[in-house]
Amino acid sequence: MSIVVISILVLGLTGFLFGVLLALLSRKLKVEEDECVKKIIDILPGINCGACGFSGCSAFAEAVVKKRDMFSGCIPGGDSVNNKVKDILGLSSSAGAVRRVAVCRCGAREGEKKITNQYQGPLTCRAADITGAAIDCLYGCIGFGDCEKVCPVGAIKVKERKVYVDVNVCIGCGKCVKVCPRGLFELIAFDKNTPVYYVACSNKDKGIEVKNVCSYGCIGCGICAKVNDSPFVVRNNLSRVDREKTSSVNALETAAGKCPTKCIIKSNG
Amino acid sequence: MKELIIIFISTVLINNFVLSYFLGICPFLGVSGRIESAFGMGMAVTFVMTLATAISWLIYNLILVKFGLSFLEYVIFILVIASLVQIVEMFIKKFSPSLYQSLGIYLPLITTNCAILGITLFMTARNYNFIESVVFGASGGLGFSLVLLVMAGIREEMAYADIPNVFRGAPITLITAGLLALIFMGFSGLVSS
């Protein structure tokens, strides 16, 4: 019985003594942290996506306090966060960050894209891309969902081996752009009020070869480029939207309607 | 004096904590990327080890043995080590923020560094006296730092080497660690008892 009491006493006393020592030392060795940095860390989204170019939100907060002109560096946070950061830093100019979202330039579903080989290997796009056997099209989406796994906010869903990006959730961090072995993702400027059009195909082969592997892909016919005031350009047998060109929503809509394979996709909030 | 020298040499080279007992592998692989942070980590571990053996010896022999409570050694030693690590962390944060940044998560992880708990338990198992214990602790820390620095030096050079893709990163690091352990086996005949 007494040994129990003594062990409790000894352990308790030693713990208490070390606790007191630590408490005293922590008061003495306190490091003054910048109030500004703390406040900014609280405001930032805290998902450490790295889209700003720093290792995480706290690293960005420290950098922004030192170099004030990059207050709009937080891309996922958007205007609301950037304005608050600006307020804390005491700045008043009003240049906001453009919101960007990712789109996948392959919109073919399973069944539309031809699959002759039976791929048996690790079910990741990067592994499958090395073998080149997962799908017949050498440019298109493999559909094993590496992008779905890497997305920090869960905006990407892969169904029937086709990628769906929820533009309302997407924060434009660009992780999917880096992970996709076929480089299918593109970050485009996005505004809630105007729909965004893009060509959901990346195949640069001639139309007949595209038809051999996919019933959905762009055959480079150029009909979309012939529409009045069209922002579409056809290069390497593939149509693309020239983002430098401004054009009316009307022209975009007509072009999308005329596309024989319907691979010009509208995406809006 | 002769015993102390033998303890020193055998702990640093022959029974090196990392390469022959395989204790403390986690910081050995984690912080050996750059010589600067390896040196800081080595010094922090040496400091904690020396103080931990000294304080643990005092508590063990003056309190635990006296009351017949030597079964409490694990708990008490962990308590001592954890508190010391906290103190070291506060010191480093105050006086060298850059070192604090580069050590990162590995600094609080000294708490669970098995080499440090190992050294205090070896100390009681081998019945060292106070001075022997302190020398044992310090040389254990220095041995750890030595291996960490050697590894960091090799890894810094390895960054420029043309390593096959499959071996890059962890595999080549583990192979290097294995080769180092083989080399340290060569010291085993240095002191004949």
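This is a predicted model: local features need pLDDT of at least 70, side-chain atom pairs count only at pLDDT 80 or more; totals for chains, interfaces and linings use all residues.
Chain B is built from helices. Its secondary structure comes to 8 helices and 0 strands. Read along the sequence, the pattern is α-α-α-α-α-α-α-α. Chain B has 193 residues, and 36% of them count as buried. Contacts in chain B with a separation of 6 or more were also examined. Residues 24 or more positions apart account for 81% of these contacts.

The helix pair H3(B) and H4(B) was examined next. Helix H3 of chain B covers residues 35-64, and helix H4 covers residues 73-95. Their axes lie 9 Å apart, and the two helices pack at an angle of about 145 degrees. The crossing of H3(B) past H4(B) is right-handed. From H3(B), the contact includes B:Ala44, B:Phe47, B:Val48, B:Leu51 and B:Ala52. B:Ile55, B:Ser56, B:Ile59, B:Tyr60 and B:Leu64 of H3(B) also take part. From H4(B) come B:Glu73, B:Ile76, B:Phe77, B:Val80, B:Ile81, B:Leu84, B:Val85, B:Val88 and B:Ile92. By type, the residues of this contact divide into 17 nonpolar, 1 polar and 1 charged. An α-helix has 3.6 residues a turn, so residues three or four places apart point the same way.

Chain B also touches chain A. Here 16 residues of chain B are in contact with 14 residues of chain A. H3(B) and H4(B) each supply at least two residues of the side of chain B that touches chain A. H4(B) gives the most, with 10 residues. The residues on this side of chain B divide into 11 nonpolar, 3 polar and 2 charged.

B:Leu72 sits in the loop between H3 and H4 of chain B. B:Leu72 touches A:Ser7, A:Val10 and A:Leu11 in chain A, and B:Leu64 in chain B, leaving aside residues up to four places away in sequence. B:Leu72 has 19 C-beta neighbours inside 10 Å. A buried residue needs 20 or more, so B:Leu72 counts as partly exposed. B:Leu72 and B:Tyr60 are 12 residues apart along the chain, and their C-alpha atoms are separated by 9.0 Å.

Helix H6 of chain B runs over residues 114-125. Its 12 residues reach 16 Å from the first C-alpha to the last, close to the 16 Å expected at 1.5 Å a residue. The buried residues of H6(B) are B:Ala115, B:Ile116, B:Leu117, B:Ile119, B:Thr120, B:Phe122 and B:Met123. These buried residues pack against H3, H4 and helix H7 (130-158) of chain B. H6(B) is followed by B:Asn127, which has a positive phi near 55 degrees.

Two further loops of chain B were examined. B:Phe22 lies in the loop between helix H1 (2-14) and helix H2 (25-30). B:Phe22 is not a glycine, yet its phi is positive, at about 55 degrees. With 14 other C-beta atoms within 10 Å, B:Phe22 is partly exposed. B:Arg168 lies in the loop between H7 and helix H8 (170-185). B:Arg168 has 12 other C-beta atoms within 10 Å, so it is exposed. B:Arg168 and B:Met158 are 10 residues apart along the chain, with 9.6 Å between their C-alpha atoms.

In chain A, helix H1 spans residues 2-28. At 1.5 Å a residue, its 27 residues should span 39 Å. The end C-alpha atoms are 39 Å apart, which agrees. H1(A) is hardly covered, because the count of buried residues among its 27 residues is 0.

S2(A) and S3(A) pair in the antiparallel sense over 4 bridges. A:Ile156 stands opposite A:Val165 in S3(A). In a regular strand the side chains alternate between the two faces of the sheet. The hairpin has 2 residues between its strands. A:Glu160 lies in this loop, between strand S2 (156-159) and strand S3 (162-165). A:Glu160 has a positive phi of about 50 degrees although it is not a glycine. With 11 C-beta neighbours inside 10 Å, A:Glu160 counts as exposed.

Key
Residues are numbered from 1 along each chain as its sequence is written. Chains are lettered from A and ligands numbered from 1 in the order in which they are written. Two residues are in contact if their C-beta atoms, placed from the backbone, lie within 7 Å. Ala, Val, Leu, Ile, Met, Phe, Trp, Tyr, Cys and Pro count as nonpolar, Asp, Glu, Lys and Arg as charged, and the others, Gly among them, as polar. The expected span of a helix is 1.5 Å times one less than its number of residues. Axes are lines fitted to C-alpha atoms, for helices over the stretch in contact, and angles run from 0 to 180 degrees between N-to-C directions. A crossing is left-handed if the near helix is turned anticlockwise from the far one by less than a right angle, and right-handed if clockwise. Two strands pair if DSSP finds at least two bridges between them.
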